[in-house]
Amino acid sequence: MNDRQAKLSLPVLSTLESDGTRRWLRPKLSKGVWWHRRRAVAYVLMVIFVVVPYIRMAGKPLIQLDITARKFTIFGYTFLPTDTLLLALAMLGAFIAIVFVTAITGRAWCGWACPQTVYMEYLFRPIDRLFEGTGGKGGKPKQPMSAPRQIARMGVYILLSMFLAHTFLAYFVGTEKLAVWVRSSPLEHPAAFLVMASTTALLAYDFYYFREQTCLIACPYGRLQSVMLDPQSLIVAYDYTRGEPRKKGKHLPEDKAGDCVDCNQCVVVCPTGIDIRDGLQMECINCTQCIDACDDVMDKVGYPRGLIRYSSEDALKKKPPRILRARTAIYALLLIGVVSGLVYALSARHGFDARVIRGKGAPFTSVDRGLISNTFSMRLVNRTDSPQSYALEVLTPKTATLDVFDDSQLELQPGEMSLVPLRVRFPSSLTFGNGNVPLTLLIVDGNQNRHEVSFRLLGPRQ
Ligand code: SF4
Ligand code: SF4
């Protein structure tokens with residue numbers, strides 16, 4: 001190999017060769033303490049993902065994101081399209097919680113709970129090992145896989161992706177509808193079939209081909225790590241104060257050499273192909289495989305474990321840990337504020353929403369015998385889980401009368417919304433002076449939930 005060829009064969013990024021081709025990673029498996037812990041968590045998460053669509057809470061699905069009906073049910077609460085504030089608070093709360101947890105625990109999500117890592121490391125990679133074997137150096141197979149084996153492996157990938165895609169779909173359409181669809185022709189539900197087929201294709205592509213590139217390129221959470229972490233955040237770190245200078249090939253006296261024997265085991269197990277000894281890197285998903293690999297090496301050479309361990313940049317510099325610091329305190333306060341707002345907004349919800357929408361055109365019309373008429377619409381939303389009928393009554397002014405043009409619009413199914421046209425007639429003398437008078441309407445549903453709505457009737461000033 002000449003110099004140019006040698007240079008071209010060197011990687012420039014952990015997954016990119018210097019000639020621009022993909023550097024395929026086949027990380028070796030290190031079955032250490034952390035791998036066993038993560039595997040237990042991963043299996044629990046996989047089971048949770050599959051069973052959640054089947055769980056009911058107060059007669060409703062635990063989680064169902066019904067996009068076509070624009071209804072989101074989460075832990076027994078159903079959010080309707082009118083719940084913009086609640087949804088905004090819930091999403092803001094989730095975002096702050098992620099940032100807050102990341103500031104303290106670093107990329108624990110990536111290593112322990114992200115579906116990409118969980119399924120890649122504990123479902124699809126074991127399938128690879130099953131078909132390829134693990135005999136070669138650095139986890140590589142001893143010989144190329146035969147064509148039938150490759151086809152069989154692809155088949156397993158597609159079947160599993162299909163199963164995951166169906167489970168994914170169940171979160172949106174519910175298990176009952178999904179069961180009916182599975183037993184009927186795709187032509188009867190082409191849109192849903194297309195969603196399932198494209199999700200299957202996407203999952204198979206991701207786990208078969210794209211793999212660690214999802215973490216390195218596509219995931220926005222991974223990109224934002226540099227701003228979410230600080231020197232106190234928990235990371236998987238190589239203790240350079242203990243490990244350096246490395247022993248290999250240097251013939252250092254025992255008291256001058258560090259504990260790293262430069263065996264490269266921490267690199268060959270890394271699913272993103274990096275060398276943790278180069279310091280904190282965006283590519284590190286905190287999967288702990290390098291901890292296990294290095295602990296294993298330390299055991300063999302008779303040194304204490306923990307040359308690579310959970311730590312922080314400050315801890316490596318022997319600075320004391322500080323959980324309460326400016327950014328964590330601010331995130332915690334923001335989170336408390338948003339969660340309090342969300343709890344208050346949830347507890348202040350009625351069994352229904354009622355809102356007056358003034359009609360277009362003339363603000364009022366004069367009708368016979370000195371009466372004025374205002375027309376408007378009332379937007380009613382039934383938030384309960386049972387059909388409801390609503391009764392409307394004018395509380396003030398007493399001399400006003402209310403006309404409902406179509407009583408059937410006061411009968412609503414669960415989650416249904418209706419725009420009810422209304423007319424109020426009142427003596428023109430009420431608005432003399434400033435041209436308006438306050439009106440209060442009482443709305444009562446079948447469960448005796450009461451809600452008062454106030455607005456202004458318009459009339460002549462004179
Ligand atoms: S550096 Fe270690 S913890 Fe980070 S991704 Fe690689 S093996 Fe996992
Ligand atoms: S596994 Fe440990 S001893 Fe081996 S190269 Fe990595 S840090 Fe050094």
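I will start with where the numbers come from and then go through the parts.

This is a predicted model, in which local features need pLDDT of at least 70, side-chain atom pairs count only at pLDDT 80 or more, and totals for chains, interfaces and linings use all residues. Residues are numbered from 1 along each chain as its sequence is written, while chains are lettered from A and ligands numbered from 1 in the order in which they are written.

First, the chain. The protein chain holds 16 helices and 19 strands; these are DSSP runs numbered from the N terminus, helices being H or I with at least four residues and strands E with at least two. The C-alpha trace spans about 110 × 60 × 45 Å along its principal axes.

How much of the chain counts as buried? Of the 462 residues, 24% do, buried meaning that 20 or more other C-beta atoms, placed from the backbone, lie within 10 Å of the residue's own.

Next, the ligands. A residue belongs to the surroundings if its C-beta atom, placed from the backbone, lies within 6 Å of the molecule. Ligand 1 is surrounded by 14 residues, and the closest are Cys270, Ile276, Cys284, Cys287 and Cys290. By class, this shell has ten nonpolar residues, four polar and no charged ones. Nonpolar here covers Ala, Val, Leu, Ile, Met, Phe, Trp, Tyr, Cys and Pro; charged covers Asp, Glu, Lys and Arg; the others, Gly among them, are polar.

Around ligand 2 there are 15 residues, of which Cys260, Cys263, Gln265, Cys266 and Cys294 come nearest. Ten of the shell residues are nonpolar, three polar and two charged. Which helix gives the largest share of this shell? Helix 14 does, with three residues. Helix 13 (265–268) and helix 14 (289–301) each supply at least two.

Three strands form an open antiparallel sheet in the order 14-18-19, where pairing requires at least two DSSP bridges between two strands. Strand 14 (391–396) and strand 19 (450–458) are the edges, each pairing on one side only. Strand 18 (residues 436–444) is joined to strand 19 by nine bridges. Leu441 stands opposite Val453 in strand 19.

Key. Buried ≥ 20, exposed ≤ 12 C-beta atoms within 10 Å, placed from the backbone.
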